[in-house]
Amino acid sequence: MIGVLQSGSVFLSLAIQAPQLRPEAASSIAEGVDHLYFALTFITLFFTIAIFSTIFVFMVKYRRRADDEVPPEIEQNLPLELAWTIIPALICAGLFLWASSLYFENSRPPSASTEIFVIGKQWMWHIQHPEGVREINELHVPVGVPVELTMTSEDVIHDFYIPAFRVKKDVLPGRYTSLWFQATKVGTYHLFCAQYCGADHAEMLGWVYVMSPADYETWLSSGTPSPSMAQTGEQTFNKLGCASCHLPDGTGRGPSLVAVYGREEELKTGEKRLVDEAFIRQAVMNPNSVVLRNYPAIMPTFRGQVNEEQVLQLIAYVKSLASEERNANGK
Amino acid sequence: MSTATLDVHEVPTGSRVNYLNAQYGVKSWLLTTDHKRIALLYLASITLMFFVGGFFAVLMRLHLIEPQGALVQPETYNKLFTMHGVIMVFFFLVPSIPATLGNFLVPMMIGARDLAFPKLNLLSWYIYIIGAIFTLYAVISGGVDTGWTFYTPYSSTFSHTSVVPTALGVFITGFSSILTGLNFVVTIHKMRAPGLTWFRLPLFIWAIYATSIIFILGTPVIAITLFLLFLERVLHIGIFDPAIGGDPILFQHLFWFYSHPAVYIMILPGMGVMSELITCFSRKRIFGYSFVAFSSLAIAIISFLVWGHHMFVTGQSIYAGLIFSVLSFMVAIPSAVKVFNWTATLYKGSISYDAPMLYALGFIGLFTMGGLTGLFLASLATDVHLNGTYFIVAHFHYIMVGGAVMAYLGGIHFWWPKITGRLYPDGWARFAALVIFVGFNLTFFPQFMLGYLGMPRRYAVYPGEFQVLNVMSSAGASILGIGYLIPLIYLTWSMRYGPTAGPNPWQAKGLEWTTPSPPPTENFEEIPVVTEEAYDYAHSRVTRG
Amino acid sequence: MADMAVHNAHPPGFAHQFEDMEQQREAGSLGMWVFLLTEMMFFGGLFATYIVYRALYLPSFEIGSHLLEVKFGALNTAVLIGSSLTMALAIHSAQIGKRGAPVGFLIATMILGATFLFIKFTFEWRHDYIEHLVPGFGFVIRPEWGAPGAHVPMFFCFYFFMTGLHALHMIIGIGILAVLTVMAHRRRFTPDYYSPLEVSGLYWHFVDIIWIFLFPLLYLIGGRYPGGGH
């Protein structure tokens, strides 16, 4: 039975190579997702055709021949009932296990990913590379390298969808979501917004350019040089006066941020929180919700004073302090 | 074949008092408490709403012939798909079978004179009408463009359209559902005729009962959700808008907690109709009665546990995804059981090809396909690729239109002689069934492919490479639209000019067929005593009446 | 089967879709229980949303809660429980055929219900309005609340929505009681026929129970000192 399923899906995958029936598969997970898709297609067509043909055969074979015909009574058949309850259940269980393990694998970004930041707003995509390059509605990435996108929205819910990579994730206001992919083929691929977001939802399109690593480096350093996200973040940090409380040696009114990223901290309420991107964003926007133990609740909110892009740059700066610290201490 | 349409033995309708002619005048209709008249009031209202919603769909499909849009501005297109969804879901599909066929048939099938609370039944209809007026007002006053799902913060803060009247309209109509469900549950529990035990009930009653459970438990939650949305929009309290401290995902949880079970409200009654049609037109007892009966209850219960599968890509935890995924697979199994049982009922039956049976057979095939494509979406790994695309649109239209609407039409045709005392032209009916089947598949099958290729839904314009499939879909839609108009014409015609029907033109089993067509106001002169199992075709002959 | 003689002997209030009074009584009772189930889901959705935001903004909700007067809430709780007692006594006295008593107990229930509403609207809501604590009607965020002040309006939104929805149910309940009082006055209730009282009693008790959940949820957040201080 499994063999039938597998050969069926292989057959289908060979049959549906025509580009107009199958989207390009350009990421490391695309083939796996497609195999599952073809297996599901095979099961769907198999059962649909089986049911339709059985009905058709019965309709013809048992058509009413006389107006007063009374057909014989058919015995109820418990083994049959159980069979067609249990077999679908087993098929469903098999599909669930396959789909879930694939999903598990596909959800975990490899540790050494290139990080790129995405801000969705009505009705365009702002992409920010850590090296400082910014793009609008375009995403340049190197081939063969895992890329992790950290995303947020300035306004309503959007959704970042690259069909060729088989990846999609909602982009939410007020928090970060992430997705990762590893492109396997150089080329140009569609980027769509897949969550209705208002008037120009259908125009919130973009292109993903997958380049060889060498070309990507060239591309990154071409154009007008711009400061990296961490450098811009440092400028914002100083301009907004963060530096006056968050002294690096810890003697200021606020905690030192030098080694804080990635650490677990204890809040005044006793709760323990990991200092990640979401934590830093919360600290900037709603500081009274994440006051650390032993510190007063005097940090003002910066909601309205910084946009999402600036928050990401501040986060990049704080992260850079942690990695500098690690490098300095030879860890 | 099925030419036994004229019955010369029956006394013509006009000379016998029945529920239609017992009283005349607008007041006797608008103040009626007769469940059969209320069913007709609903029939008229939801038919109107169906064609309004359908009109918007026609405009949408015409617009999508061209990649840059052929008909309207994107802002208008966004309103069209929203209003199509709101009207079709809340004002057509949810009430359709329960409020028309359910209202008419539940008392008759269980041998009662009316529902438990007839005045409440009339109130239900008025509440529906008031809700519909609010929503139609929203349509006329500029429309609403949030999608029928009203996701925040777009609907709470950003949209400049008539969100409030629409949300209020749906909120109000919800109470119509709740009262109808309450009425059915009490009636089925307390008013069955002597001898009519639970396991002798027609499966339509089981289906209506399961649907009513969902009405009762689910609808209040959407009511509160929409009311909170209304407050958010008017007072900006910050419940769903993250800019002022709210959680937009909470809205989605609350919304889908009802709206997923709602889709089972839309399909369960159709499954009930299926059991009636298949048994009558193969003249056999249903195969696996208790399996079919319990599967309705199982679907109703499990339906409350799967709402998160609409939210797999919102960033919810992987573990939540796993739980919702496994439950979503589980809810498919009782439906599969039904399909197999219906098919087995045909085995060695005596099958006739009347129009209701054609609708029933079409249902089984299309529902199978629609249901199985649900597995693509219950599967986490494929749902990531398919969510938010035309695959979803195709999936739910296969079930809602290929399934629920075909079941509804099949039921309307089946019980039409009972309801109106008239027969419709069978040739036209079968032709229309075929046109609808062909038009439907041509409209929606290409959409599966569009979705897999990556075309997102709710797009007013689209990249050119998707045009061929879009044009195919639009061509199908025009055929489907014509297909729906045909029954409207001949059914209306038959009310005046159709040959009169006897009490039982289909030689069907069931208490409703023991009454004259149309029935008298009190349904039964004497409450029947039930001694046989449901669908007992083998043991007692039914004379054609 | 509806025998003509039995038909004529049905007491007043018999509805002809039923076979007999017992079926009618059972249907009415089941109908009210099912209706209360829908009400539980209705309030339940609201309670669930409230609980989510209380968890998210506990400091703000504490501030809001402390601005409510526990003494009025507690008094109202006692008033409502008392009204449930008088309602139960109304039903019981009809059950045992005590003439005149149902009317008296129903009037007492209405008076207690009206007292509840009077205390709520006059001493609590009006007071809140004067103190600029009604969102959408001149709400003023006080500086002494500090940073959590931003979400105090949300607490009051929930407070007014939840107690307002509850009050609406009470008003409807008092209306039902008025109708029942008239019926009782006309001696419509006997030991054989008192199901309208029973069914309405279920509704009244349910509204009471909703309040018993609302009171601690809204008034008693974060612990209170006896005497209702902050």
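Visitor: How many helices and strands does chain C have?
Guide: Chain C has seven helices and zero strands. Its pattern along the sequence is accordingly written α-α-α-α-α-α-α. Please bear in mind that this is a predicted model.

Visitor: What does the C-alpha trace of chain C span along its principal axes?
Guide: The trace spans about 75 × 30 × 30 Å. Of the 230 residues in chain C, 37% are buried. Among contacts between residues at least 6 apart in sequence, 75% join residues at least 24 apart.

Visitor: Which residues of α5(C) are buried?
Guide: They are Pro102(C), Val103(C), Phe105(C), Leu106(C), Thr109(C), Met110(C), Leu112(C), Gly113(C), Phe116(C) and Lys120(C). Their cover includes α4 (70–95), α6 and α7 (195–219) of chain C.

Visitor: Turning to contacts between chains, how many residues of chain C are in contact with chain B?
Guide: There are 28 residues of chain C in contact with 32 residues of chain B. On the chain C side, α2 (21–56) and α6 (152–185) each supply at least two residues. The most comes from α2(C), which gives 15 residues. By class, that side has 17 nonpolar, nine polar and two charged residues.

Visitor: What about chain B and chain A; how many residues are in contact there?
Guide: In that case 72 residues of chain B are in contact with 69 residues of chain A. The elements of chain B that give two or more residues to this side are α3 (74–93), α6 (154–158), α11 (318–346), α12 (355–378), α13 (380–386) and α15 (426–453).

Visitor: Which of those gives the most?
Guide: That is α11(B), with 13 residues. The residues on the chain B side divide into 45 nonpolar, 20 polar and seven charged.

Visitor: Now the strands of chain A. In what order do the five strands of the open sheet come?
Guide: The order is β4-β10-β9-β6-β7, and the pairing is mixed. The edge strands, β4 (138–142) and β7 (167–171), each pair on one side only. From one strand to the next, the twist averages 20°.

Visitor: Is β4(A) parallel or antiparallel to β10(A)?
Guide: The two strands pair in the parallel sense over five bridges, with β10(A) covering residues 206–211. Pro142(A) has Met211(A) as its bridge partner in β10(A). Helix α4(A), residues 213–221, packs on the sheet and touches β4 and β10 of chain A; its direction makes about 130° with that of β4(A).

Visitor: How many bridges join β6(A) to β7(A)?
Guide: Five bridges join these antiparallel strands. His158(A) has Val171(A) as its bridge partner in β7(A). The hairpin has four residues between the strands, and Arg166(A) takes a positive phi near 60° there. With β9(A), residues 187–193, β6(A) pairs in the antiparallel sense over two bridges; Phe160(A) stands opposite Cys193(A).

Visitor: Finally, why is β1(A) described as largely enclosed?
Guide: Six of the eight residues of β1(A), which covers residues 114–121, are buried, so the strand is largely enclosed by the rest of the structure. Seven bridges join β1(A) to the parallel strand β5(A), residues 146–153. A hairpin of two residues leads from β1(A) to β2(A), and these two strands pair in the antiparallel sense over five bridges.

Terms used: Residues numbered from 1 in each chain as written. Chains lettered and ligands numbered in written order. Predicted model: local features only at pLDDT ≥ 70, side-chain atom pairs only at ≥ 80, totals over all residues. Contact = placed C-beta atoms within 7 Å. Nonpolar A, V, L, I, M, F, W, Y, C, P; charged D, E, K, R; others polar. Pairing = 2+ DSSP bridges. Axes fitted to C-alpha atoms, helices over the stretch in contact; angles between N-to-C directions. Buried ≥ 20, exposed ≤ 12 C-beta atoms within 10 Å, placed from the backbone.
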